[in-house]
Amino acid sequence: MSSVVANERVRCPRCSHEYEAPVYRHIDAVADPSLKEKVKNGSLFVRECPECGLRELVTSPVVYRDGHLLLCLSDRKVSVEGLEDVHGRLVADVGSFIEKVKIFDAGLDDVPMEFCKFVTRQEMGKDADLKFLRTDGADNDIIFTYPEAGQMQLLSVGFNVYEDCCAIVGRNPVITEGLKGLVKVDREWVEQFLR
Ligand SMILES: [Zn+2]
């Protein structure tokens, strides 16, 4: 499988200029590593009017495949074939899509990562919308971002917290047993195990 991209004619909502913009339907990160980079830096989801420079977020559905990760961006229920032996994930927004790609690209797993975010929120004592950004330094600290007071904040968490969460997931097979097909592994999903 290789990447599928279509050119779509769009009209700029500010200056009414019509132009062609690429729309990605399927991304094969192994065949097209440059597209993976465009996902990670977010540029794949932005189109810019060549006339007036207006930048818009592109949110059309896309399927992303990278090794054992199959990630589907859609706000609807979708069916995708070939889900044996893969991490099938469904996300509804671009921010979560980019986060999943970053997590798996860092060699980490989103299941313990959601537990790690839960634990971190508890530690912070506030309801922060944490997103994994990257690992950092010799100790592989986990760097999260979250919005606060109109700005993006950075938060560093020890890698041992993530490792502890991996151990929790390993001790509780019920957590991973339900991971069949396309699953929305997010905050709500993790909280069902923590009530
Ligand atoms: Zn324009």
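Angles between axes count as roughly parallel under 35 degrees, roughly antiparallel over 145, roughly perpendicular from 65 to 115, and oblique otherwise. This is a predicted model, in which local features need pLDDT of at least 70 and side-chain atom pairs pLDDT 80 or more, while totals for chains, interfaces and linings use all residues. Residues are numbered from 1 along each chain as its sequence is written, and side-chain values use heavy atoms, without hydrogens or water.

**View A. Helix H3 packs against helix H4.** H3 contributes Val111, Pro112, Met113, Phe115, Cys116 and Val119 to the contact (heavy atoms within 4.5 Å). From H4 come Val161, Tyr162, Cys165, Cys166 and Val169.

**View B. Helix H1 packs against helix H2.** H1 spans residues 33–40, and H2 spans residues 94–105. The angle between them is about 125°, and the axes are 9 Å apart. That makes H1 oblique to H2. On the H1 side, Lys36, Val39 and Lys40 take part. They meet Phe97, Ile98, Val101, Lys102 and Asp105 of H2. Four residues of this contact are nonpolar and four are charged; no polar residue takes part.

**View C. Helix H2 crosses helix H3.** The two axes come within 10 Å and cross at roughly 110°. H2 is therefore roughly perpendicular to H3. Glu99, Lys100, Ile103 and Phe104 are the H2 residues here. Facing them in H3 are Asp110, Met113, Glu114 and Lys117. The contact of H2 with H3 has five charged and three nonpolar residues, and no polar ones.

**View D. Four cysteines hold the zinc ion.** Cys12, Cys15, Cys49 and Cys52 each give an SG donor, lying 2.3 Å from the zinc ion (donors are N, O and S atoms within 2.8 Å of the metal, or 3.2 Å for Na, K and Ca). Angles between the four donor atoms are 106 to 113°, so the arrangement is tetrahedral (all angles between 85 and 135 degrees). Along the chain, the donors follow the spacing C-x2-C-x33-C-x2-C. Cys12 sits in the loop between strand E1 (4–11) and strand E2 (18–28). Cys52 sits in the loop between strand E3 (46–48) and strand E4 (55–57). The pair therefore ties together parts that are 40 residues apart in sequence.

Definitions and conventions. Axes fitted to C-alpha atoms, helices over the stretch in contact; angles between N-to-C directions. Helix = DSSP H or I, 4+ residues; strand = E, 2+ residues; numbered from the N terminus. Tetrahedral: all angles 85-135°; square planar, octahedral: opposite > 155°, others 65-115°. Nonpolar A, V, L, I, M, F, W, Y, C, P; charged D, E, K, R; others polar.
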